[in-house]
Amino acid sequence: MPQRYVCKAIIKAASLELQEMLSLKIKELLSDTYKEGPLSLHVDPEDVAVKPIALTDCPESFSHTTYKGNYSWPLTSPAAKAEVSCRKNPLQSAWRSCAINIDLEIAFWKKPNVTECKLLEELPNNIMDLHDVVVTEENAQDVVQHILYLLPNATLQLEELKVIESIISDVLRLADLSMRLAESTLSIVNYILLRKIEEQSIRKMTNSILKTTEEIGYKVTYIERNTSVITTSMALLVTRPDPSAFGGLAFGVTSYERGVGLKIKVQEDPFEKALASVFLPKSLKKYLEMEPSDPDKHSKIQFKFFGTTPLFVDESLTKERLNTYVVSASIENASVQNLNEPVTIALQHIDQIEGNAAVHCVFWDFQKNNGLGGWNTSGCEMESTDRDYTICFCNHLTHFGVLMDLSRAELDTAQDRVLTLLSYAGCGVSSLFLGITLVTYLTLEKLRRDNPSKILLNLCAALLMLNMLFLTNSWLSSFDQPGLCITMAVLLHYSLLAAFTWMCLESVHFYLAFIKVFNVYVPKYILKCCIAGWGVPAMVVSLVLIINKDSYGNGSHSESPPFGNFCWIQENLVFYISVVAYVFFIFVTNTAMFITVLLQIHSMKSRTQRRSSFWKRGFLQDLKSTFSLMFLLGLTWGFVFFAWGAVRIFFLYLFSIFNTLQGFFIFVFHCLLKDEVVKQCRVHFCWGRFRLSNSSDWSGSGVTAGSTPRHLKPKSPSQALWNLNSNGTTSTVNGSDFLPKTSLDVNFRIAEVYFNPSAVPPDKGETKQPCSRRILPMDPGLHYPQNARFFH
């Protein structure tokens, strides 16, 4: 596509012609069509504006250097260079340019270049004594060259390596690195890599060396679009492509044998065959800074090749070994993740693979092995492999625990993979059984008459939505559509909060129905629960979107470079406030209710178990009730609050197993082990001898005082709780606004112990009480509608 550019240049013309004639001549000389590859630039005479400028000379100047002496610079004309003799070695020269500021149209002195001059004082003759040398712009090249001079006679023990590392770090703190200084610094690294050094010593320097080479590439100064630094076993190439014309870029090593003949090449199309190659797709264009008016501000892309493997030793691997050389690619000031088109990495094997040897694609994880670094396979998959080549790409999977991982830190590769498999399997199983639970309750009208069943249905719907969104998150995020990813993260956030809100409403209902018992009347109870259960999470998510929609996004929680592929909350502050604090409040509330209910059971059992002939059956009922309550109130989510430090992995396993299977356990306790649900299923869904007729069911529409219905045998308090927990539907109380519908049912069962002494014989010496008590519909102490009937 045609584009227009504005360029400015200063021309020094030595001529006796008039200024008007010189201007016309310059226009004619510049008017032409310039071509370079597929690009062309056409310049017409009318596009050129020429005007004379007056520049003053750079004045006489004096410069002081700490290590190489003082120098006086004579009056120098613009665009000229002044030279003076070095103080220590007069046969060589120091020089200084009188440059021109093209925007301000003035001349100015640039920094003196004293590279060729020797230091006034010689450097120490051993590496250890270099520790006290202060590295500056004027002596950096000398210090680096001196290290290269000392390396052949050095032992390169850990202490010497630390001194070299310290000096290189000081060099990298300089504002700019000349090409010569960059080459010398990389030559030091190259020498160390080729030298047979004790494995533990080089192991501690791996991360430092990798970061050093990265920083050298981005700090080196060069004029052309591309520059490269090649040593005998390392290659570094930096390019500054035009973002507007970026269509992909490939880096390849075309020739190399250990320490010999390293050749590299960069091109626009993928390499058909190379020792090692990296192809960056067109989709990377969005990571490049668009500054077409100033090519010097275009983002840099850096490729690196390491032709030696001892640097990359991972002590955690026992059977695997590195069988290729190492390549890398990076973009300046950008974290590249979740590309539509994967980065293609093709690597030739150092040794041909025989048989069915396992091949893994890996990346170097700086955080692994307590910060020493190591190979990580997280999300990386092999595209293809044969005896000679392997092609890789990465696609990150995420375990369920990431939704509530308080540390928000990356896991070890093996642990992450196992947790991911457990999470996906558990969510799949839960989704299936949550669907069965919903269908069962929605199909059988008798099961959803009471309020607890309606609350359970809403909880199952929220959990099903949470599981389905988690299962599809990674797949949808791979489309690399920001709008779709934000939508997925918002829905996942909403479903998580909705699930917890309904767990809290279960807790509130337990309190009102089991603790408060009779004296509660809530108009339009289920409607208010639905407003709270679905409305409060919507308010929280809406508030986050209003404040900053970019809080949601796609990426890994770690700063190390695996390709994260999961849409979730990216801002830590938003995560801790809108998720952790919200969940913690509900968890504390539900835990308090759980303890209160258990204390209530213990209190009732202490008064009834001594006299009851059925006390031996209580243990199993207690166990059922406890586990049912735990999963219904979401107490297993509390495992995440203990997932820190040394026990983090253990509790993440517990978290992933129990919470991904929460839907399955709800099905077990509220469908499979619930008598009324089993009866209704046998009536409506079974055939033959397994089918029950409608007449075998009981309605509980009324019983006479003092009698016991056939289906209501005396139960322990824990059995009463189990029936409450199972959302019993045997109450005869009507009206959706009447909360203690189930409370009556539960207390009816408990009352068989307290108000029907004929069921159990009294102890000696006890006075018999009336065997029955009738609660009248119009009892002023009870706020019941008149059609409510309840008998003891």
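Predicted model: local features only at pLDDT ≥ 70, side-chain atom pairs only at ≥ 80, totals over all residues.

Visitor: Where does Leu41 lie?

Guide: Leu41 is in strand 2, residues 39-43.

Visitor: Okay, rings now. How many aromatic pairs are there?

Guide: The count comes to 20 aromatic pairs. Take Trp364 and Trp375, an edge-to-face pair. Their centres are 5.1 Å apart, with 85 degrees between the planes.

Visitor: Which parts does that pair tie together?

Guide: Trp364 lies in strand 16 (residues 363-365) and Trp375 in strand 17 (residues 374-376), so the linked parts are 11 residues apart in sequence.

Visitor: Are those two buried or exposed?

Guide: Trp364 and Trp375 are both buried. Now try Phe500 and Trp637, which also form an edge-to-face pair. Here it is 4.8 Å centre to centre and 75 degrees between the planes.

Visitor: Where do Phe500 and Trp637 lie?

Guide: Phe500 is in helix 10 (residues 482-515). Trp637 is in the loop between helix 13 (618-632) and helix 14 (648-660). So this pair ties together parts 137 residues apart in sequence. Both Phe500 and Trp637 are buried.

Visitor: Which residues form an aromatic cluster?

Guide: Phe433, Phe658, Phe664, Phe665 and Phe667 form one.

Visitor: New topic: what sits over the ring of Trp95?

Guide: The charged end of Lys81, 4.5 Å from the ring's centre.

Key:
Residues numbered from 1 in each chain as written. Heavy atoms only, no water. Helix = DSSP H or I, 4+ residues; strand = E, 2+ residues; numbered from the N terminus. Phe/Tyr/Trp six-rings, centres within 6.5 Å; stacked < 30°, edge-to-face > 60°. Buried < 20%, exposed > 50% of the residue type's maximum accessible area, 1.4 Å probe, protein only. Lys NZ or Arg CZ within 6 Å of the ring centre and 35° of its normal.
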